[in-house]
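The structure comes first, and the details follow.

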Amino acid sequence: MLESIHVTASAPGKTILFGEHAVVYGKPAIAAAVDKRAYVTIKGRADNRTHVTVEELGVSGFLDLENGTINSDKVGEQNRGILEYVLKSLIKAQTTRSVEVTVKLDIPIGAGLGSSAAVTVATIMAASSYNQINITAHEIAELAHQVELDVQGAASKIDTTLSTHGGVIYLSKNAREFVNLEIDYPLPMVIGHTKKTGNTGKLVELVRKKIEAQPAVMNPIFDSMEAIVNVARKALVNGEHETIGLIMNINQGLLDAIGVNTEELSNMVFTARKAGAIGSKITGAGGGGSIIAYCPGRVEEVVTKINQHEKAFQINIATEGVRLE
Ligand code: PMV
């Protein structure tokens, strides 16, 4: 009987609009959930083995829920990560029966778009529903954050909060609170991403070393990033397009200054501006990964130009967070 029950949940990825890196030092940040989602389907299995398939990555493996281990020799280190998130999420959602899990990703991996948080949040919701456990959005976000901490060692709550609740959030100083920003107009944005992925941990470390070496030079940069986030908050809520673009470009200059830019990212930033974006900057950790461009009226042009050398696609804000399909 159980094999016939199917549950699918989906959750959106995210993009950091302003304040990456500065947020590590207690500064505020603004991030948005995006309309690229992770879909997780859970159904019962007749045998007593739990199995996961991630279609886009060609990854699959058996999970031992009792001992919390992955049994797969076919997975490389990078791909193993995603199975860890699924395993820990199934356990957090009190899964004891063996299940078949299928993950479908609309979100590119390693592009700083929060694919692991989206998979985690969607798995917790799908498994809770499959296990007939009532769970609130708040509880999903908390459990998902614990999974991220377990797997990664350290994690901010930005990704799991956005994957759970959707929308645009302002994370206040020292991560004291998340404020939902009401933005009632479309934000025409484009993501461009390079094949080369940045390593968030290494980039955070690189920035930390620079601060240690040159605090008098670096600290004012972070103060400026804080000012940018606070200007952005008002500009976004009021739909001040020119201001949004202007401060994105200033933010990009500062991200370059702290050393997280690369030639590929820089090329995409300038390509986007040449094609009509009024603002463009790195999104997330940098060192590879993605840029975001703000392009009212010029989305097509920006996507086409970036696609000549890298990969680009339009994104919209996902107002809806995790949901059952
Ligand atoms: O690209 P991501 O999702 O890894 O973003 C990292 C953002 C940082 O501010 C650089 C690090 C962090 O933990 O906030």
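Which backbone atom type of His 21 lies 2.9 Å from an oxygen atom of the ligand? It is a backbone N or O atom of His 21. The model is predicted, with local features requiring pLDDT of at least 70 and side-chain atom pairs pLDDT 80 or more, while totals for chains, interfaces and linings use all residues. Numbering starts from 1 along each chain as its sequence is written, and side-chain values use heavy atoms, leaving out hydrogens and water.

**Ligand site**

Residues around the ligand (a heavy atom within 4 Å) include Glu 20, Val 23, Val 24, Gly 112 and Ala 285. The table lists polar contacts, meaning pairs of N or O atoms within 3.5 Å.

| Residue | Residue atom | Distance to a ligand oxygen atom |
|---|---|---|
| Lys 14 | side-chain N or O | 2.8 Å |
| His 21 | backbone N or O | 2.9 Å |
| Thr 200 | polar side-chain atom | 2.6 Å |

**Helix pairs**

Helices are DSSP runs (H or I, at least four residues) numbered from the N terminus. Axes are lines fitted to C-alpha atoms over the stretch in contact, with angles from 0 to 180 degrees between N-to-C directions.

The axes of H6 (residues 215-238) and H7 (residues 241-257) come within 10 Å and cross at roughly 160 degrees. H6 and H7 are therefore roughly antiparallel (over 145 degrees). Their contact (heavy atoms within 4.5 Å) includes Ile 221 and Met 225 of H6 and Ile 247 and Leu 254 of H7. By class, this contact of H6 with H7 has 13 nonpolar, 3 polar and no charged residues.

For H3 (residues 137-152) and H4 (residues 158-165), the axes come within 9 Å and cross at roughly 145 degrees. The contact of H3 with H4 has 4 nonpolar, 5 polar and 2 charged residues.

How values were computed
Helices (H or I, at least four residues) and strands (E, at least two) are DSSP runs, numbered from the N terminus. Angles under 35 degrees count as roughly parallel, over 145 as roughly antiparallel, 65 to 115 as roughly perpendicular and the rest as oblique. Ala, Val, Leu, Ile, Met, Phe, Trp, Tyr, Cys and Pro count as nonpolar, Asp, Glu, Lys and Arg as charged, and the others, Gly among them, as polar. A polar contact is a pair of N or O atoms within 3.5 Å; within protein, one must be able to donate a hydrogen and the other to accept it, and residues adjacent in sequence count only if both atoms are side-chain atoms.
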